[in-house]
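Please load the model in your viewer and keep a selection tool ready. The stops below are meant to be followed in order.

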Amino acid sequence: MNIVVAVKRVIDPYVKIRIKSDHTGVETQNIKMSMNPFDEIAIEEAVRLKEKNNAKEIIAVTIGNDASQETLRHALALGADRAILVRANKNFCSLNIAKILQNIVDKEKAELVLMGKQSIDGDNNQTPQMLAALLNWPQATFVSRLIIQDKMIEATREIDGGLETLAMPLPAVVSTDLRLNEPRYASLPNIMKAKRKPLDIIECDSLGLTLKEHIQVISTTPPPSRSGGIKVASVSELLNKLKFEAKVL
Amino acid sequence: MSTLVIVEHDNQSMHPATRNTLSAALELKQNVVLLVAGYQCQAVAEQAAAIAGVHAVWLVDNVAYEHQLAENMAQLIISVADSFTSILAPASTFGKNILPRVAAKLDVAQVSDVSRVLDKDTFEHPIYAGNAIETVKTLDAIKVLTIRTTAFDSVTDSQSPCCVERIDKSIHESSTKFVKHELSKSERPDLGSAKIVVSGGRGLQSAEKFKLIEELADALGAAVGASRAAVDAGFVPNDYQVGQTGKIVAPTLYIAVGISGAVQHLAGMKDSKVIVAINKDEEAPIFQIANYGLVGDLFELVPEFIQQLKANG
């Protein structure tokens, strides 16, 4: 089976973001970018499935500008077989991303799509569910354990009260949670090898999709800041403050 | 036109998140219909009908909805979507799982984690782990929204129950099957809705020593939370995790013990009313947002805290 893994280039999770002074967005010029951490987990899971002979080919896909090739090379270094960049110079909403991915998944005749449960920039947590809906496939979201056998998936999901296990047939869309696996590091020889693996560039406009605008971003502003507090010297002072000053006990 | 709220429940009782979601729904100033889909869940519908502001409750009682699988739930919601201009669910794992599937089938966008309703199609929601607030306008006819429950008050008032309408819908049941649940058992208040939360981090050192956090929580009648570091180290199960990738809480009092205050964690608790930090590292980022900070060894301070709470009755 072929596995499509969708990956996204985002601001590195350890970078403290800066909001543009005109509130049109977040500063991305000269900022360190990385692969979305949940997507690294998705790649890792695909590679492990291939190592267990559960997969034939792993195709990493991203949608973005030319700089996103770097993210795809990283995916190739981690073990993806080939990569596709759907080139576009604008930001799409989750629904339009799902529509583009649907097109790629159809073309590649994939039977499993693995992707992170959310990207750490938009925090939307929508695209996998939307893709599953468009493909009319079952979905397993927030997955922390995945077993594939005889074209069936058994997926354990992280839900608010604990864990839930579902079974579903392939093809399916699976979104990965943090504890699914510990992603490996790209070794130097693998980084070198990744440079020779195929990376196709497809112009988004050539896909023949009609992508209308669904959401308009009005502004991006800093969150209300908390006023700095005080340090107390002892437990009894803390208790006093909580009781009589903050009145929360 | 009306607003539809998808009720989160376990077939016996309504999840408190529904009351916060209703609060957001009422701000849209339309009739609000609550949809209770489940199996043998009549009691939930009765609970829902009695909350102030609810116009009607639709009850769909069918074994196909027992575990509220996204595929079946989405199909049901789409079949009734025509009557509504907004469809809301809490931004819990329940709502996040189902609603984007609904939105895509309706060919409309979704706004996730709405923290403020500006008007019927303009909303605020946090992005970048809560480090920015984005205001967006949806251009679609139907607005699909998941609601950040901690940003809206819970509707606790009641009314004389509105009508509960039973609906029968035959659906094409999904091939997805429920296998099992492994729920964490807890006698304590629910983390998402507790007034006081006590959280422990890596500083607790072991699962054994983490019990100290539980003792402090019990002395305060609080829920227990944890940082990602504590969960990854195996001190507590993952559903204790507070943060961008865990639960978002906003209690009256949040006590962070042995937690440095990584961005990831702060995203889950920085809207708490009063934050207390207990940490031995004076430079820990948590002190920059804590109202009250106590610097010192948690293994001395926490037992002292418990002792003084008990002494004061």
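Which residues of chain A does the UniProt annotation "domain: Electron transfer flavoprotein alpha/beta-subunit N-terminal" cover? Select residues 23-211 of chain A: the annotation, from an unreviewed entry, covers that span. The model is a predicted one.

**Inside chain A**

Stay in chain A and show the side chains of A:Arg87 and A:Asp66. They form a salt bridge, with 2.7 Å between the closest N and O atoms. The pair links distant parts of the chain, 21 residues apart. A:Arg87 belongs to strand S5 (residues 82-87) of chain A, while A:Asp66 is in the loop between strand S4 (57-64) and helix H2 (69-78). Over all chains, the structure holds 26 salt bridges.

Next, go to A:Asp150. This residue has a positive phi of about 50 degrees, although it is not a glycine. To locate A:Asp150, look in the loop between strand S7 (139-149) and strand S8 (152-159) of chain A.

Then select A:Leu170 and A:Pro171. Their peptide bond is cis, with omega near 0 degrees. A:Pro171 is in the loop between strand S9 (162-169) and strand S10 (172-176) of chain A.

**Between the chains**

Now display both chains and colour them separately. How many residues does each chain bring to the contact? Chain B contributes 82 residues and chain A contributes 73 residues. The two chains bury about 6,600 Å² between them, and 55% of that area is on carbon and sulfur atoms.

For polar links, count what crosses the interface of chain B and chain A. The rule finds 2 salt bridges there. One to display joins the side chains of B:Asp107 and A:Lys99, at 2.6 Å from N to O. Between chain B and chain A there are also 44 residue pairs in polar contact, with both residues at pLDDT 80 or more.

Which element gives the largest share of the side of chain B that touches chain A? Select helix H4 (residues 93-106) of chain B, which supplies 8 residues of that side. Colour the side of chain B that touches chain A by class, and the residues divide into 35 nonpolar, 26 polar and 21 charged.

**Inside chain B**

UniProt, in an unreviewed entry, places the feature "domain: Electron transfer flavoprotein alpha/beta-subunit N-terminal" at residues 3-182 of chain B. This span is 24% helix and 34% strand, with its end C-alpha atoms 34 Å apart.

In the contact between them, 5 residues of domain 1 of chain B meet 8 residues of domain 2 of chain B. Domain 1 and domain 2 of chain B bury about 550 Å² between them, 53% of it on carbon and sulfur atoms.

Which three residues supply more than any other three of the area that domain 1 of chain B buries against domain 2 of chain B? Select B:Ala129, B:Arg148 and B:Thr150, which supply 77% of that area. The side of domain 1 of chain B that touches domain 2 of chain B has 1 nonpolar, 3 polar and 1 charged residues.

Finish with the polar links across this domain interface of chain B. The rule finds 0 salt bridges between domain 1 and domain 2 of chain B, and 1 residue pair in polar contact, both residues at pLDDT 80 or more.

Terms used
Residues numbered from 1 in each chain as written. Chains lettered and ligands numbered in written order. Predicted model: local features only at pLDDT ≥ 70, side-chain atom pairs only at ≥ 80, totals over all residues. Heavy atoms only, no water. Contact = heavy atoms within 4.5 Å. Buried area = accessible area lost by both parts, 1.4 Å probe. Salt bridge = Lys/Arg side-chain N within 4 Å of Asp/Glu carboxyl O. Polar contact = N/O pair within 3.5 Å; in protein donor to acceptor, adjacent residues only side chain to side chain. Nonpolar A, V, L, I, M, F, W, Y, C, P; charged D, E, K, R; others polar. UniProt positions renumbered as here; feature names shortened; annotations may be inferred. Helix = DSSP H or I, 4+ residues; strand = E, 2+ residues; numbered from the N terminus.
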